[in-house]
Amino acid sequence: MAFYKRSHAGYRRLLPLFLVIFSVALVLLLLIRKWSISDFSYIAVEQESYSFPSFSMETDNRLLLNFGDFKPKLPKMNDVAISLDRRNFLPPRNIDLFPNLAENHIKIVLYVHNRPQYLQVVLKSLANVKGIGETMLIVSHDGYFNEMDSIVQAVRFCQVKQIFSPYSPHLYSDSFPGVSKGDCQHKDDPSKKNCSGDADQYGNHRSPRIVSLKHHWWWMMNTVWDGLPETRMHSGHILFIEEDHFIYPNAYRNIQLLVKLKPAKCPDCFAVNLAPSDVKSKGEGWESLIAEKIGNIGYTFNRTVWRNIHAKAREFCWFDDYNWDITMWSTVYPSFGTPVYTLRGPRASAVHFGKCGLHQGQDKISACIDNGEAKFELDNFDKVPNINIDWPVYVFKNQEGYRAGFKGWGGWGDHRDRELCFSFAYMYHSSDALTNLRDVSKHS
């Protein structure tokens, strides 16, 4: 009994000390929580009930842009755009089926518009890719099309995340980046038509349906590398494909091999590719790796290369061509000051299919009719990794195609498109830009 009284009295003397320690710990916890909240935390708090890991901007600021007097300005989002932007920060689906991503996995980004019959083909091919369950598929939509959304919602073969460009011209029926009242059309003369707009080098005014191609690709790249919680701190490679690409079963294993071999086999290569730069070629069939110019089928690169591309935002956004790939070949890559090679195998692991261009889609007036039935004969070596680590590298030099000096096909002459494009490059790298994003979210 005496022992109990002494112990009880001792606890009472220590009680104030315990309270002080608890109070200090609570204050420290609150401060740490406050400091850990990033500039992007408002997205999770204000727009959805879920949360994701807090984000602090990467420290690789060596190549961030010097914007000078340029003031980035993003269009005011309408209700549909706000709803889609909220979906961009939802967690990936199918985590219950694939709870863990493999170590050193290569994420896959699928760039789509509105060709549902094509999307079915590429997704069916991806379902048969060896190792697909080890990684995450990110599907980037140019605006919103219900059938495209429904098709992706049905994917069950890996983790899937959907993102939607909230600034797609397809979402704005009566304002920029869609068609604004008073915009010049086709080859209108502003002085005669009393309209406004900047014509391209061939005298054509902007077409929202056309400019959406380049806007979507550039928005996607900036968002994937610098905006999404799942990828903005990803230091490895990311594989990019499109809805009119058929992916072979060996594609993922081959791209993993190429990424591993690149530092030793082609240290000056900027990327690795699933297919030749000539979209009509299925490869040489040689017992050799190939180094050539970067193609637009299954191109794969890391954050270091992205930083080099991002630093050339002005060249990309001011070049008068509505095609992102021709812009890259004609002005961005040449500006690097060194040959820009990619490493690939001698046999394609992905091919382009279909006859409908991406800008044609399902336009009601001039729709491109193609049932999307794609029949591919796969040999046994298309189903397994077919790259030999002991092969030498053959370098293609002075290849034909778009290069420095090409003036572009036009379609990209309006200052509003150029400034919106440049604003995309800025939107994840400026406190001012983030403030603008907050204002858009609050007042839209």
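**Notebook: helix packing, sheet and loops**

I began with helix 7 and helix 9 (residues 303–310), whose axes come within 11 Å and cross at roughly 135°. That angle makes helix 7 oblique to helix 9, given that angles under 35 degrees count as roughly parallel, over 145 as roughly antiparallel, 65 to 115 as roughly perpendicular and the rest as oblique. For the axes I used lines fitted to C-alpha atoms, for helices over the stretch in contact, with angles running from 0 to 180 degrees between N-to-C directions. Helices (H or I, at least four residues) and strands (E, at least two) are DSSP runs, numbered from the N terminus.

I note for the whole entry that this is a predicted model, in which local features need pLDDT of at least 70 and side-chain atom pairs count only at pLDDT 80 or more, while totals for chains, interfaces and linings use all residues. Residues are numbered from 1 along each chain as its sequence is written, and side-chain values use heavy atoms, with hydrogens and water left out.

**Helix 7 and its partners**

The crossing of helix 7 and helix 9 is left-handed; a crossing gets that name if the near helix is turned anticlockwise from the far one by less than a right angle, and is right-handed if clockwise. I then listed the contact (heavy atoms within 4.5 Å): W218, M221, N222, W225 and D226 of helix 7 meet R303, W306, R307, I309 and H310 of helix 9. These residues divide into 5 nonpolar, 2 polar and 3 charged, where Ala, Val, Leu, Ile, Met, Phe, Trp, Tyr, Cys and Pro count as nonpolar, Asp, Glu, Lys and Arg as charged, and the others, Gly among them, as polar.

Next I looked up helix 12 (residues 415–426), which packs against helix 7 at an angle of about 15°, with the axes 9 Å apart. That makes helix 7 roughly parallel to helix 12, and the crossing of this pair is right-handed. Here V211, H215, W218, W219 and N222 in helix 7 meet D417, L420, C421, F424 and A425 in helix 12, a contact with 7 nonpolar, 2 polar and 1 charged residues. I noted that W218 and N222 are listed in the contact with helix 9 and again in the contact with helix 12.

**Helix 4 and helix 5**

I turned to helix 4 and helix 5 (residues 146–153), whose axes come within 10 Å and cross at roughly 15°. Helix 4 is therefore roughly parallel to helix 5, and the crossing is right-handed. The contact is made by P116, L119, Q120 and L123 of helix 4 together with E147, M148, I151 and V152 of helix 5; by class, I have 6 nonpolar, 1 polar and 1 charged residues. Helix 4 (residues 116–127) also lies across strand 1 (107–112), strand 2 (136–141) and strand 4 (238–242), running at about 165° to strand 1.

I traced 9 strands that form an open sheet in the order 3-2-1-4-8-6-9-7-11, with mixed pairing; two strands pair if DSSP finds at least two bridges between them. Strand 3 (159–164) and strand 11 (393–395) stand at the edges, each with a single partner strand, so one side of each is left without a neighbour in the sheet. On average, neighbouring strands of the sheet are turned by 30° against each other, direction ignored.

I290 stands opposite Y394 of strand 11. I also checked P392, which is in the loop between strand 10 (350–352) and strand 11. Leaving aside neighbours within four places in sequence, P392 is in contact with E287, S288 and L289, and the C-alpha atoms of P392 and C266, 126 residues apart along the chain, are separated by 10.0 Å.

My search of the whole structure for disulfides, meaning pairs of cysteine sulfur atoms within 2.5 Å, gave 3. One of them joins C184 to C195, with S to S at 2.0 Å, and the torsion about the S-S bond is about 95°, so this disulfide is right-handed. C184 lies in the loop between strand 3 and helix 6 (190–193) and C195 in the loop between helix 6 and helix 7 (208–226), so the pair ties together parts that are 11 residues apart in sequence.

Most residues other than glycine have a negative phi, and most peptide bonds are trans. I recorded a cis peptide bond between F176 and P177, with omega about 10°, and P177 is in the loop between strand 3 and helix 6. H186 lies in that loop too and has a positive phi of about 50° although it is not a glycine.
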